[in-house]
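Hi there,

Here is the structure I promised to pass on to you. Have a look at it first, and then read my notes below.

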Amino acid sequence: STRNGKWAACITDSCLMEDVHLLAVASIDRRIRFYDYRRWEKVSIMPNLENTPICLTYIPTLREKRIFLVGDDCGRLSMYEFGNSLAKLIPLANTHYFHNWVTKSMYIAELDVILASSLDDSLKFIDPEKKKTRRHCVAGHNGIRDFDWCRTYKFVATCGTTRDVHLFNPYTLNIMSVLTGHNAPVQQVIADEDHNQLITMACDKTIKIWDVRTHGCIQTIVEENKFAQHDTLTALIMD
């Protein structure tokens, strides 16, 4: 999977599957590779996918099944089940929900829905059993890059090609609040519920921390280092 110590194809997403000790890695060569991260050995590969995988999601317990979701560059969200062997994935559904890239998917147990977003600016609540869209809304970002679910305060935070972050009521789909302050498109948002905060990152290397109770910005962090090629931050992870 590597060439001269480097990946032969650009990586689009990765997904940690802790209960089975696997790391799934998607790339633009239309493949998904699974590694045992305890030994860093490749366990299996999904080759020759119809479209390029863009986002990966693992749901360890959904209807007593291990479910693996793959969103692609043609607006499809595919659902697989792990069989008796972790090296085998059983196709369950391959549904065309969007008109552009699927940027993220997530299972929300409190709502019993699979929430998925796209660059076509739509946010869809999908029934995990029937594989049908229960409800959907347009986020107003001209394309959603990322979202996160806040269980404590019951809202979905979205961001995209605009400079604002929108907080949606998942039941009415109304916008509860708009967080403004970034000077560039916001590409990632993370809910830190332990500290009642949202963390957002824009493509100008600015990170903002927001108080979800007041919806005010409480800290701004600017990355001063210069990076080769694109000079931007591409991933934000909270541990």
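The largest nonpolar core has 17 residues, and M17, A24, I32, F34, M46, L56 and F68 are those with the most contacts inside it. Such a core is a set of buried Ala, Val, Leu, Ile, Met, Phe, Trp, Tyr and Cys residues joined through side-chain atoms within 4.5 Å; buried means under 20% relative accessible area (1.4 Å probe, protein chains only). Among the strands (DSSP E runs of at least two residues, numbered from the N terminus), β4 gives the most to this core, with 3 residues.

This is a predicted model, where local features need pLDDT of at least 70, side-chain atom pairs count only at pLDDT 80 or more, and totals for chains, interfaces and linings use all residues. Residues are numbered from 1 along each chain as its sequence is written, and side-chain values use heavy atoms, without hydrogens and water.

Now for the largest pocket. A pocket is an open set of points on a 1 Å grid over the protein atoms alone, where a 1.4 Å probe fits, with protein on both sides within 12 Å along at least five of seven lines; lining residues have an atom within 4 Å of a point. This one is lined by 49 residues, and D13, S14, K104, Q188 and L236 lie nearest its centre. β3, β7, β11, β15 and β19 each give two or more residues to that lining.

Happy exploring!

Terms used. Buried < 20%, exposed > 50% of the residue type's maximum accessible area, 1.4 Å probe, protein only. Helix = DSSP H or I, 4+ residues; strand = E, 2+ residues; numbered from the N terminus.
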